[in-house]
Amino acid sequence: MCLAVPGKVVGIEERDGTRMAKVDFGGAVKDVCLAYLPDIEIGDYAIVHVGFALQRLDEAAALATLELFARIGALEEEFGDPWSRAAAEAGTAPGTGTAPDGATAPHATMPPVTMPEEAR
């Protein structure tokens, strides 16, 4: 599955004439191209698809979406380690089994995403 996922810009740099960002997706930090959002700043949230920041998003909406994606396992599927996930599904990885929330072990490895109280 390929999602457009909201993330928080935590760093910005110029690389070979292209503005790039480090974007945090609820614990997974990835490099993202800012060509379509040249005025985005550190601390802003953006919707990212296939490595490109496409649209600015407010923090409450971004955190609500990240929380939902984490709850359904989409963040682990999109950003998790495929080798660990495959080993867990095969029952050969340490810690395989079911987490208290009913998720299988690979899903339980993503850090929790919490919304600010005012966004709830």
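## Confidence in the model

Over residues 104–109 the pLDDT stays under 50, and for this stretch the model has 12 contacts beyond four places in sequence. The structure is a predicted model, and the protein averages a pLDDT of 77, with 62% of the residues scoring at least 70.

Among the elements of the protein, helix α3 (residues 82–90) has the lowest confidence, at a mean of 64, whereas β5 has the highest, at 95. The pLDDT is also below 50 over residues 96–100, a stretch that has nine contacts in the model beyond near neighbours in sequence.

## The nonpolar core

The largest nonpolar core consists of 20 residues, and those with the most contacts inside it are V5, V23, F25, V32, I40, V48 and A53. At least two residues of this core come from each of β1 (5–15), β2 (18–25), β4 (45–49), β5 and α1 (59–71), and it is α1 that gives the most, with four residues. In soluble globular proteins, nonpolar side chains tend to be buried together.

## A nonpolar patch on the surface

On the surface, Y36, V50, F52 and L54 form a nonpolar patch, and together these residues have about 400 Å² of accessible area. One of them, F52, is found in strand β5, which covers residues 52–57.

Why can F52 be called partly exposed? The relative accessible area of F52 is 32%, and the description applies because partly exposed residues lie between the limit for buried, under 20%, and the limit for exposed, over 50%.

How values were computed: Residues are numbered from 1 along each chain as its sequence is written. This is a predicted model: local features need pLDDT of at least 70, side-chain atom pairs count only at pLDDT 80 or more; totals for chains, interfaces and linings use all residues. Side-chain values use heavy atoms; hydrogens and water are left out. Patches are made of residues with over 30% relative accessible area and no salt bridge: like charges are joined within 9 Å, nonpolar side chains (Val, Leu, Ile, Met, Phe, Trp, Tyr) within 5 Å. Accessible areas come from the Shrake-Rupley method with a 1.4 Å probe; for residues, only the protein chains shown count as cover. A salt bridge is a side-chain nitrogen of Lys or Arg within 4 Å of a carboxyl oxygen of Asp or Glu. Buried means under 20% relative accessible area, exposed over 50%, partly exposed in between (1.4 Å probe, protein chains only). A nonpolar core is a set of buried Ala, Val, Leu, Ile, Met, Phe, Trp, Tyr and Cys residues joined through side-chain atoms within 4.5 Å. pLDDT is the predictor's confidence in each residue, from 0 to 100. Contact means heavy atoms within 4.5 Å.
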